[in-house]
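Me: I would like to go through this structure and ask what stands behind each label. Please set the values against the cut-offs.

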Amino acid sequence: MHLSVLGTSKKVMEYNLPRECIQNYFPSRKCFTFPFPTAPENVSRLEKLDSADFSSDFLEVTENFCKYAFEKSEVKKLKDGITVSGRVLGHLAKNYVDTISSGVVPCLENAVIAMAKIENEAAVKDGLEIYQSGMEKLKDTFPLELKDVSSEHQHLSSTATQTFMKRSFRDNDGGYLKTLEEKINKLFDEYLRQNEEASKRQCEDLLSVLSGPMTEKLKQGFYAKPGGYELFCKDLEDIVKNYNSQANKEVKAEEVLEEFLKQKSVDSKAVLHADKKLSEKEKKIKEETEKAVLLEQEIKVKEEKQRQLEEKMEAERKSNEERMRQMKEKMDEEIKLQREEAERAMDSKLREQAALLEKGFKEKADRMKEEMEEFKRQNAEAESNRAREFAEMLDNSNRRHEESMAVMMQQHREQMEAIQQTNCRSSDGCCIL
C-alpha cells in the first residue's frame with residue numbers, strides 16, 4: 001500500500017484518510033489495490049458474469065492476491081492473540097458487511113464481542129455433545145459400579161472442557177465455562193440416577209428368581225408346621241447368601257435387600273407365631289433377633305450410601321483438579337499469544353516509522369513514536385488485566401467446587417449421624433446375615 005502524501009489540501013487529506021485508518025487499525029498488513037473488475041454496465045450482475053467478462057488487470061491482481069493468501073500470508077490473529085479460523089473470519093466478514101450495509105461505521109471490537117458470543121455458545125454445545133455422546137454409550141452397559149461411572153465421567157468431563165477451551169475465547173468472566181460445568185454436573189446426576197434405577201431393577205429381578213421357591217412353599221403352607229420357622233430361616237439365609245455373592249457390586253444391592261427383608265418379615269412373623277414347636281419365650285427372642293437383623297441391614301444401607309457419597313466427592317475433586325489445570329494452561333497460552341501478537345505489531349510499527357522518516361514525514365514519525373509508547377502501555381495494561389481476569393476465573397471455579405463439596409460434606413455428616421443413631425438401636429446377634 002502506498003504511504004500518505006505530503007500536503008494539507010482537501011484532496012490530499014481525502015487521499016490520506018483511508019490509508020491512515022488502515023495504518024492505525026491494522027499495524028501488520030499486506031494491501032492489494034484492485035482495478036475496476038468490468039465495464040460499469042455489468043456491475044449490477046457481477047455474479048452472473050463469465051471470467052471472460054472481467055478485465056485482465058482485475059484477474060491478474062486477483063490471482064496475485066490469492067497466491068499470496070495461500071502461500072505467504074500468516075495465520076490471522078486478533079490483537080489478543082486469538083487465531084482467526086475460517087469460521088471466525090466468516091463471522092467477522094458477515095458482521096462487517098451487515099454493519100456497512102446498514103450505514104453504520106464498523107467497529108472491530110464490537111464485531112469481536114458479537115463473534116465471541118456465537119463461538120462461546122457453540123463451544124459449550126460442542127463440549128456437551130462430547131460428554132453426552134460418551135455417557136450415552138456407557139449408559140448401554142448400565143448397571144455399573146459407581147467407580148466405573150465416575151471414572152468415565154471424569155474422562156469425558158475433561159475432554160469436554162478441553163473441547164470447550166479450544167473453541168472459546170474472551171470468556172472473560174468464565175460465565176460460559178460455568179454454564180458448561182453446571183450442565184455436565186446436571187447430566188452426571190441424571191446418569192447416576194439412571195444407573196441406580198438399572199441396578200435396582202437387576203437386583204429386584206435377581207431376588208425374585210432366588211426367592212421363587214420360597215414363595216411357592218409359602219403358598220403351599222410348607223412352613224405351617226412345628227419347626228417351620230427354622231426351615232423358613234434356613235431358606236432365607238440361603239437366598240441372602242446367594243444374593244450377596246451375585247449382587248455384591250451393585251450400587252443398589254443393600255437397599256434392595258433391605259426392602260426385601262422388610263417384606264419377608266411379615267411372612268416370618270406369621271410362620272413364627274404358627275410354629276407350635278417354639279415356646280412363647282423363644283418366639284419373643286426370635287422376634288428381637290429379627291429386629292436386630294433389620295437394623296443391621298439398615299446400617300449397611302446407610303454405610304453403602306456413605307461410601308458412594310465419598311466416591312462422588314473424590315470424583316468431583318479430581319474433575320476440579322483437571323479443570324483448574326486446563327484453565328491455567330489456557331491462561332498461559334493466551335497471554336503468550338497476546339504478547340507475541342503485540343511484539344509483531346510493534347515490529348510492524350517500527351518498520352512503518354522508518355519508512356515515514358525515509359519519505360520525509362518526520363512529524364508523523366514523531367507522532368508514531370508517541371503512539372508506540374502508548375501502544376506499549378496499553379498492551380502491558382491489557383496483559384495485566386487478562387491475567388487478573390484469569391485469576392478471578394480460577395477463584396470463581398474453585399469457589400463453586402468448594403460450595404459443591406460443602407454440600408456433600410454436610411450430607412456426609414448427616415449420614416454419619418444417622419449411622420450412629422441406628423447403631424445405638426441395634427443389638428448383637430443375627431440369625432439371617
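## Labels and their grounds

Reply: Read from the N terminus, the elements of the protein chain run α-α-α-α-α-α-α-α-α-α-α. This is a predicted model.

Me: How many helices and how many strands does the protein chain have?
Reply: There are eleven helices and zero strands.

Me: What share of the residues counts as buried?
Reply: Of the 433 residues in the protein chain, 36% are buried. The accessible surface is about 26300 Å². Carbon and sulfur atoms account for 52% of that surface.

Me: How do you know what share of the contacts joins residues at least 24 apart?
Reply: Take the contacts between residues at least 6 apart in sequence. Of these, 74% join residues at least 24 apart.

Me: How does the reach of helix H5 compare with the expected value?
Reply: Helix H5 covers residues 146-167, which is 22 residues. The expected span is 1.5 Å times one less than the number of residues. That gives 32 Å for H5, and the first and last C-alpha are 32 Å apart, so the reach is close to the expected one.

Me: Which residues of H5 are buried?
Reply: Among them are Leu-146, Val-149, His-153, Leu-156, Ala-160, Phe-164 and Arg-167.

Me: Why is Gly-127 called buried?
Reply: Buried means under 20% relative accessible area. Gly-127 has 0%, so the label applies. Gly-127 lies in helix H4. Leaving out residues up to four places away in sequence, Gly-127 touches Ala-160, Thr-163 and Leu-180. Glu-181 is 54 residues from Gly-127 in sequence, and their C-alpha atoms are 9.8 Å apart in space.

Me: Which residues touch the most other members of the largest nonpolar core?
Reply: They are Tyr-131, Met-135, Phe-142, Val-149 and Phe-164, in a core of 29 residues. Two or more residues come from each of helix H4 (108-139), H5, helix H6 (175-210), helix H10 (280-358) and helix H11 (362-425). H6 gives the largest share, eight residues. A second, separate core has 23 residues, including Leu-207, Leu-210, Leu-236 and Tyr-243.

Me: What is Tyr-131 in contact with, leaving aside neighbours within four places in sequence?
Reply: Tyr-131 is in contact with His-153, Leu-156, Ser-157, Ala-160, Ile-184, Leu-187, Phe-188 and Tyr-191.

Me: What makes Tyr-223 and Phe-232 an edge-to-face pair?
Reply: A search of the whole structure finds seven aromatic pairs. Tyr-223 and Phe-232 form one with ring centres 5.4 Å apart and 85° between the planes. Centres must lie within 6.5 Å, and planes over 60 degrees apart count as edge-to-face.

Me: Are Tyr-223 and Phe-232 buried or exposed?
Reply: The limit for buried is under 20%. Tyr-223 has a relative accessible area of 2%, so Tyr-223 is buried. Phe-232 has 1%, so Phe-232 is buried.

Me: Which residues do ring pairs link into a cluster?
Reply: The cluster holds Phe-32, Phe-34, Phe-54, Phe-58, Phe-65 and Tyr-68.

Me: Why is Glu-60 called partly exposed?
Reply: Exposed means over 50%, and buried means under 20%. Glu-60 has 48%, which falls in between, so Glu-60 is partly exposed. Glu-60 is found in helix H2, residues 56-71. Phe-34 is 26 residues from Glu-60 in sequence and 9.4 Å away in space, C-alpha to C-alpha.

Me: How do the labels of Cys-31 and Cys-233 follow from their values?
Reply: Cys-31 has 27%, between the limits of 20% and 50%, so Cys-31 is partly exposed. Cys-233 has 10%, under 20%, so Cys-233 is buried. A search of the whole structure finds zero disulfides.

Me: What kind of peptide bond joins Phe-142 and Pro-143?
Reply: The bond is cis, with omega about 5°. Pro-143 is found in the loop between H4 and H5.

Me: What is the phi of Arg-170, and why is Arg-170 called buried?
Reply: Phi is positive, about 55°, although Arg-170 is not a glycine. Arg-170 sits in the loop between H5 and H6. Its relative accessible area is 18%, under the 20% limit, so Arg-170 is buried.

Technical notes. Residues numbered from 1 in each chain as written. Predicted model: local features only at pLDDT ≥ 70, side-chain atom pairs only at ≥ 80, totals over all residues. Heavy atoms only, no water. Helix = DSSP H or I, 4+ residues; strand = E, 2+ residues; numbered from the N terminus. Buried < 20%, exposed > 50% of the residue type's maximum accessible area, 1.4 Å probe, protein only. Contact = heavy atoms within 4.5 Å. Areas by Shrake-Rupley, 256 points an atom, 1.4 Å probe, with all protein chains shown as cover. Disulfide = S-S within 2.5 Å. Core = buried A, V, L, I, M, F, W, Y, C linked by side-chain atoms within 4.5 Å. Phe/Tyr/Trp six-rings, centres within 6.5 Å; stacked < 30°, edge-to-face > 60°.
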